[in-house]
2 protein chains.
Amino acid sequence: MAKRIYNFNAGPAVLPLPVLEEMQREMLDFHGSGMSILEVSHRSKWFEDVLDEAIVRIKRLLKLDDTYQVLFLQGGASLQFCMVPMNLALPGKPVSYVETDMWSTKAIQEARIQGKEVEVAASSGDREFTYIPGQVKVRPDSAYLHITSNNTIRGTQWHSFPDTGNIPLVSDMSSDIFSRVFDPKPFGLIYAGAQKNAGPAGVTLVIVREDMLKRVPKELPTMLKYTTFSEKKSMFNTPPCFAIYTVSLVTKWLEETVGGIARMEEQNRRKGETLYRYLDSQDYYRGTAEPDSRSLMNVTFRLPDAALDKFVKEATAAGLGGLKGHRSVGGCRASLYNATPLEGVEALVDFMKEFVRKNG
Amino acid sequence: MAKRIYNFNAGPAVLPLPVLEEMQREMLDFHGSGMSILEVSHRSKWFEDVLDEAIVRIKRLLKLDDTYQVLFLQGGASLQFCMVPMNLALPGKPVSYVETDMWSTKAIQEARIQGKEVEVAASSGDREFTYIPGQVKVRPDSAYLHITSNNTIRGTQWHSFPDTGNIPLVSDMSSDIFSRVFDPKPFGLIYAGAQKNAGPAGVTLVIVREDMLKRVPKELPTMLKYTTFSEKKSMFNTPPCFAIYTVSLVTKWLEETVGGIARMEEQNRRKGETLYRYLDSQDYYRGTAEPDSRSLMNVTFRLPDAALDKFVKEATAAGLGGLKGHRSVGGCRASLYNATPLEGVEALVDFMKEFVRKNG
Ligand SMILES: Cc1ncc(COP(=O)(O)O)c(C=O)c1O
Ligand SMILES: Cc1ncc(COP(=O)(O)O)c(C=O)c1O
Ligand SMILES: [Mg+2]
Ligand SMILES: [Mg+2]
Ligand SMILES: [Mg+2]
Ligand SMILES: [Mg+2]
């Protein structure tokens, strides 16, 4: 038996064990091909089936109608920070952003680097990004409004999305895609680095509504145009086959083992409530996000500074890994992505209780 | 025992069996971490060791001195087609290219899309890209000369590189990196989609000489600047961890099992000679590349058109996969990358003989 810990990493992050086991089983011979999935041609039936399966499952899981296309890109969410304004800005119109933490700040920077007129429609920078702004007023001529649905570092999450009328929403959903039910209709584009809830590092999901593709300027470099990926079903060039294969297995697990996104959301609620309830029940640990903006994916908390290193070290020794907060904010963070089991959260709470008893 | 075929795919391509076996063994628990390498943080010691090992091995294998940096990017060689001119062009100077087949043609196109002044310094388009141009005259003010060291589709390879004096060479080495000894000094930048000789699809190796980094324009999008990757050791954002891990294992195999690039080159010569000798010994099959330009990595040949489908089908049934030529040229192609064993080539020749005997 392989040793396995409870993994609270923010990303790359825990994957469902049955997914890893299937990868392990078929590592030397994928579906009778006599080759690893790492070795088959991307133009082969073997890989095309994998790609098709991933697309179909994602469309079904997110209830995307035929106006949406699912694309697989490389370069991480960070490349999308520049591709979004490059592809979706409109001449003479501003692009709008809500600033909710470092990732949205970087997205804003990349739009500015390209000389776009950026409207910061709302910001939670006044209280250290510990909340999601309630009021978002967008300029009516804006090309899009960009939000970060879940803020991995600060542990905040949009619980309902701003109503922007005809202005398409664009969301970085890197850290909460597939975690809860939502209506895709207001979204012109959704992107997600896969390495949290969708798979491994090395592939970025881009879900794009077809009307957005008309905006793509013809003169962009080929590999930076969404239309290149759309026209060639993400196979203009060699795609990151193994990462897409992992996504196909993760989405299979979501459909066939978990039973879909609504069921996943229930489990995620139970997991989050288990940890937040404990955080709220005592004074040694403090949640850092404002209660109505709390994320179910990344639970950020603090304990007395002097105890931090000891806490992380002893937790790691107890088989609870990845609890250190992002280096830009310190403190602790427990990421409770889809593949984190409730038992892991319960084990964490038990450990936290025991730690206070000894050190509090 | 897993079923394994001889895999002649052009990329993604065969990987060394010991590499796949190590991946399989440690899929659920990487080096005692209790996590898969797919699940560890890219900021963890586990992954940083993998990254460092890959860099050190690549530098040692290619005998790169400290003026060279090894970077890991995403987006395939195709993204480099646009990043090279974006980063390395110089104001008021042309960029020069040798046109040797489809990949170089695409590289040229991407420079033109950006409005760069492109000099096609030589081309083998006059004889369907079946040879490497002997004479290359480059404009003395050129910012760089771009070549494709091995032309995957046509099966041609540069056997000595053009002497360009002070003008830096830039090479797409996607399909022959690590296959033979060469002097890196004339090269300002080398790039390679890993999915042929270096690892899986999903990571691009970029080897850059430090003086080239001074050319990078400040105002480029962050993710499109080589300096971003250079300054953060390829970790400005989440790198494609699993693909880099595979590269670290492939380069370990090259050093520790094969015994370095010179030994690899000997084996590659033996493999190539085995197949070319047979091609030259009979009339049923014809090699398509001109003899002095033949590639040791991709051996392209034709047989009577009417027999092509039968040949590929029966070869596949006999456990010889991936022999169909690129869809743009037809015919057959046997890719003999580093991980292809000599026995695979011998089995192919035996099969070819038997096929002529029955059908010739
Ligand atoms: C919400 C969010 N956006 C963007 C990123 C950056 O993603 P990548 O490393 O794939 O560029 C992260 C990384 O953690 C993130 O959490
Ligand atoms: C020599 C060469 N350059 C570039 C490419 C394109 O590489 P990628 O698919 O990684 O963009 C290939 C693909 O086969 C190739 O053989
Ligand atoms: Mg399977
Ligand atoms: Mg964040
Ligand atoms: Mg190992
Ligand atoms: Mg080629």
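This is a predicted model: local features need pLDDT of at least 70, side-chain atom pairs count only at pLDDT 80 or more; totals for chains, interfaces and linings use all residues.
A polar contact is a pair of N or O atoms within 3.5 Å. Ligand 1 sits between chains A and B. Around ligand 1 there are 15 residues, and the closest of them are S78(A), T152(A), D172(A), K196(A) and T238(B). On the chain A side, a backbone N or O atom of A77(A) comes to 3.0 Å from an oxygen atom of ligand 1. Also from chain A, the side chain of K196(A) places an N or O atom 2.7 Å from an oxygen atom of ligand 1.

Another magnesium ion, ligand 6, belongs with chain B. D101(B) (OD) and T152(B) (N) coordinate this ion at 2.5 to 2.8 Å. The two residues bring together distant parts of the chain, 51 residues apart: D101(B) is in the loop between β3 (95–99) and α4 (102–113), while T152(B) is in the loop between β6 (150–151) and β7 (156–157) of chain B. Both D101(B) and T152(B) are buried.

Staying in chain B, S149(B) is placed in the loop between β5 (145–148) and β6. The relative accessible area of S149(B) is 0%, so the residue is buried. What does its side chain meet? The side chains of S149(B) and D176(B) are joined by a polar contact of 2.6 Å. With neighbours up to four places away in sequence left aside, the contacts of S149(B) include T156(B), Q157(B), W158(B) and F161(B), and also S171(B), D172(B), M173(B) and R180(B).

Back in chain A, R43(A) carries a label from a record: the UniProt annotation "binding site" covers this residue. R43(A) lies in the loop between α1 (17–25) and α2 (45–61) of chain A. Buried or exposed, or something in between, for R43(A)? The residue counts as partly exposed because its relative accessibility is 35%. Sequence neighbours within four places aside, R43(A) touches E48(A), M235(A) and F236(A), along with R327(B) from the other chain letter.

Finally, chain A holds an open sheet of 3 strands, in the order β11-β12-β14, with antiparallel pairing. At the edges stand β11 (286–287) and β14 (332–335), each with a single partner strand, so each has one side without a neighbour in the sheet. Strands of a sheet pair through backbone hydrogen bonds, either parallel or antiparallel. For β11(A) and β12 (residues 298–302) of chain A, the pairing is antiparallel and runs over 2 bridges. Within that pair, R286(A) stands opposite R302(A) in β12(A).

Notes
Residues are numbered from 1 along each chain as its sequence is written. Chains are lettered from A and ligands numbered from 1 in the order in which they are written. Side-chain values use heavy atoms; hydrogens and water are left out. Donors are N, O and S atoms within 2.8 Å of the metal (3.2 Å for Na, K and Ca); water is not among the atoms, so sites may look incomplete. Helices (H or I, at least four residues) and strands (E, at least two) are DSSP runs, numbered from the N terminus. Buried means under 20% relative accessible area, exposed over 50%, partly exposed in between (1.4 Å probe, protein chains only). UniProt positions are given in the numbering used here, feature names are shortened, and annotations may be inferred rather than shown by experiment. Contact means heavy atoms within 4.5 Å. Two strands pair if DSSP finds at least two bridges between them. A polar contact is a pair of N or O atoms within 3.5 Å; within protein, one must be able to donate a hydrogen and the other to accept it, and residues adjacent in sequence count only if both atoms are side-chain atoms. A residue is near a molecule or strand if one of its heavy atoms lies within 4 Å of it.
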